[in-house]
Amino acid sequence: MKRKWMGSSLAFASVGLLVGPLQGVEAATPKIKVHYIDVGQGDAIYIKMPSGEDIVIDGGNKGKGDELVAYLKKQKVGDIEVLISTHPDADHIGGLDEVLDSFKVKSVYAPKVKHTTQAYKDFLLAVKREKLTIKTAKAGVSFPVKGVKAQFVGPVKDYAKSDLNNWSAVLHVAYKKNTFLFTGDAELKSEQDMIAKKKTLRADVLKVGHHGAKTSTSATFLKYVKPKYAVISVGKNAYGHPTKEVVTNLKRAKATMLRTDKSGTIVFEGNGSSYTIKKSK
């Protein structure tokens, strides 16, 4: 039996708006909606695909699971076709056990690397309770979504077991001309390897790697991604995220920066050509 979800502190309130050249496209046009959910210092992303599939990437820290579940319930999520753990760090995997306990999940993807933390063990136990098998997230793996191309472009190789960030599953999503790149905490080595393997990196919207740490989002990487928008999932932290180096790189790349600590939950809605952007604060 699925656990009851608790009240949300992720209420979606005010609306900000940026509109591309095709404002006024008919209401019936299928759309992709990408929610960069404000979970403080951590990552949690929900994608509603144009054909209705629900995708969740990461679940924030331990203690954020209830808030994430409440947010997904508010979006009328009934079940989840694909759940992705980009890597085992607690600020990404911490809330996923509660998501698994609260929704029927059809497929779980994660990179083939282990960790010893309680957050990782709780994730594995939740997967086991649901009688699911974890599918390996690595470059070249894709999953079927009608009208959308969703393919992992990283990691392209194995890294040291202690090098968890570079194991991050990196997902590229393309719906017609709307393109998104979700990087987890992938750092410079992973970025360089994806470039060397000529992976598809070009994306309008980049989820900035590792909350804006200077070990990610190199100027070279940005030359391949060419983002119009850069979303930084970040909260109050002692690491200086996002760092001035990354902010400088993004400014030089002329990407519009959006931060969850300043804008709250950020939602991109794409009609295949242009975007609207909504912010919760």
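The legends below describe close-up views of a predicted model.

Local features are taken where pLDDT is at least 70 and side-chain atom pairs where it is 80 or more, while totals for chains, interfaces and linings use all residues. Residues are numbered from 1 along each chain as its sequence is written, and side-chain values use heavy atoms, with hydrogens and water left out.

**View 1. Tyrosine 36 in the largest nonpolar core.**
The largest nonpolar core has 31 residues. A nonpolar core is a set of buried Ala, Val, Leu, Ile, Met, Phe, Trp, Tyr and Cys residues joined through side-chain atoms within 4.5 Å. Buried means under 20% relative accessible area, exposed means over 50%, and partly exposed is in between, with a 1.4 Å probe and protein chains only. The residues with the most contacts inside this core are Tyr36, Phe143, Phe180, Phe182 and Phe268. Apart from this core lies another of 25 residues, among them Ile93, Leu96, Val105 and Val108. Tyrosine 36 is buried, at 0% relative accessible area. Contact here means heavy atoms within 4.5 Å. In soluble globular proteins, nonpolar side chains tend to be buried together.

View 2. Rings of Phe, Tyr and Trp (its six-membered ring) pair if their centres lie within 6.5 Å; planes under 30 degrees apart count as stacked, over 60 as edge-to-face and the rest as tilted. Tyrosine 36 and phenylalanine 268 make an edge-to-face pair, with 5.9 Å between centres and 80 degrees between planes. This pair links distant parts of the chain, since tyrosine 36 is in strand 1 and phenylalanine 268 is in strand 13, 232 residues apart. Phenylalanine 268 is buried, at 0% relative accessibility. Phenylalanine 180 and phenylalanine 182 form a stacked pair, 6.2 Å centre to centre with 10 degrees between the planes. Both of these phenylalanines are buried. One aromatic cluster contains Tyr36, Phe180, Phe182, Tyr229, Phe268 and Tyr275.

Helices (H or I, at least four residues) and strands (E, at least two) are DSSP runs numbered from the N terminus. Two strands pair if DSSP finds at least two bridges between them. Strand 1 (residues 32-36) and strand 2 (residues 45-48) run antiparallel and are joined by four bridges. Isoleucine 45 in strand 2 is the bridge partner of tyrosine 36. Strand 2 also pairs with strand 3 (residues 54-57), again antiparallel and over four bridges. Here isoleucine 45 stands opposite isoleucine 57. The hairpin of strand 2 and strand 3 has five residues between the strands, and its glycine 52 takes a positive phi near 105 degrees.

Strand 9 (residues 178-182) and strand 10 (residues 205-207) run parallel, joined by three bridges. Phenylalanine 180 stands opposite valine 205 in strand 10.

**View 3. Glycine 272 in its loop.**
Glycine 272 is in the loop between strand 13 (266-270) and strand 14 (275-279). This glycine is buried, with a relative accessible area of 5%. Beyond residues up to four places away in sequence, glycine 272 touches Tyr175, Lys176, Lys177 and Asn178. The C-alpha atoms of glycine 272 and lysine 31 are 7.0 Å apart, although 241 residues separate the two along the chain.

Most residues other than glycine have a negative phi, and most peptide bonds are trans. The bond from glycine 154 to proline 155 is cis, with omega near 0 degrees, and proline 155 lies in the loop between strand 7 and strand 8 (170-175). Histidine 241 and proline 242 are also joined by a cis peptide bond, with omega about -5 degrees. Proline 242 is in the loop between strand 11 (229-232) and helix 7 (244-252). Threonine 217 is not a glycine but has a positive phi of about 60 degrees. Threonine 217 lies in the loop between strand 10 and helix 6 (219-225) and is buried, at 2% relative accessible area.

**View 4. Lysine 73 and phenylalanine 103.**
Lysine 73 lies over the face of phenylalanine 103, 4.7 Å from the ring centre. A charge sits over a ring if NZ of Lys or CZ of Arg is within 6 Å of the ring centre and within 35 degrees of the ring normal.
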